[in-house]
Amino acid sequence: MVYAIVAKVLYGINLFFDIVTFIMILYAFMSWFVRPNNAFYQLLARFCQPIVAPFRPIAARLMQSGFMFDVSYILAFFAIRIAQYLVVQVFKWILMLLF
């Protein structure tokens with residue numbers, strides 16, 4: 001019973017991280033084609049900007065040193081994926097301890 005509950009929680013957490021990743025990718029692509037005053041784009045911006053904001057100083061330093069692209073979205077994407085991997089590993093460890 002406990003195994004099934006922990007497995008469902010792990011599935012939900014994985015789904016959450018996948019949805020966040022999809023929203024980040026959608027927002028990045030929309031930034032190329034959609035005007036900033038679009039209502040859906042602004043909704044995505046309200047969700048994505050707090051995730052991307054910690055990586056802006058790193059991207060700014062890279063751009064000052066000659067890098068041509070804003071890599072803050074890429075850094076945020078990798079941070080989300082690393083966090084997902086770590087959470088999954090912790091849950092697998094918990095499942096291993098339970099059974």
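Trainee: How many aromatic pairs does the count come to?
Mentor: The count comes to seven aromatic pairs, where rings of Phe, Tyr and Trp (its six-membered ring) pair if their centres lie within 6.5 Å. This is a predicted model, in which local features need pLDDT of at least 70, side-chain atom pairs count only at pLDDT 80 or more, and totals for chains, interfaces and linings use all residues. Residues are numbered from 1 along each chain as its sequence is written, and side-chain values use heavy atoms, with hydrogens and water left out.

Trainee: Why is the pair of Y27 and Y41 stacked?
Mentor: The ring centres of Y27 and Y41 are 5.0 Å apart and the planes are at 20 degrees, so the pair is stacked. Planes under 30 degrees apart count as stacked, over 60 as edge-to-face and the rest as tilted.

Trainee: Where do Y27 and Y41 sit?
Mentor: Y27 is in helix α1 and Y41 in helix α2, 14 residues apart, so to speak a link between distant parts of the chain.
Mentor: Helix α1 (residues 2-33) packs with α4 at an angle of about 175 degrees, and their axes are 10 Å apart. That makes α1 roughly antiparallel to α4. Axes are lines fitted to C-alpha atoms, for helices over the stretch in contact, and angles run from 0 to 180 degrees between N-to-C directions. Angles under 35 degrees count as roughly parallel, over 145 as roughly antiparallel, 65 to 115 as roughly perpendicular and the rest as oblique.

Trainee: And what about α2 with α4?
Mentor: Helix α2 (residues 39-52) and helix α4 (residues 72-98) pack at about 85 degrees, with axes 9 Å apart. That makes α2 roughly perpendicular to α4.

Trainee: Which residues meet there?
Mentor: From α2, Q49, I51 and V52 meet S72, Y73, A76 and I80 of α4, with contact meaning heavy atoms within 4.5 Å. Five of the residues in this contact are nonpolar, two polar and none charged. Ala, Val, Leu, Ile, Met, Phe, Trp, Tyr, Cys and Pro count as nonpolar, Asp, Glu, Lys and Arg as charged, and the others, Gly among them, as polar.

Trainee: New topic: what volume does the largest pocket have?
Mentor: About 330 Å³. On a 1 Å grid over the protein atoms alone, a pocket is an open set of points where a 1.4 Å probe fits, with protein on both sides within 12 Å along at least five of seven lines. Grid points are joined across faces, edges and corners, and the volume is the space filled by probe spheres set on the points.

Trainee: Which helix gives the largest share of its lining?
Mentor: α1, with seven residues. The lining (residues with an atom within 4 Å of a point) includes W32, D70 and F77, and divides into nine nonpolar, two polar and one charged.

How values were computed. Helices (H or I, at least four residues) and strands (E, at least two) are DSSP runs, numbered from the N terminus.
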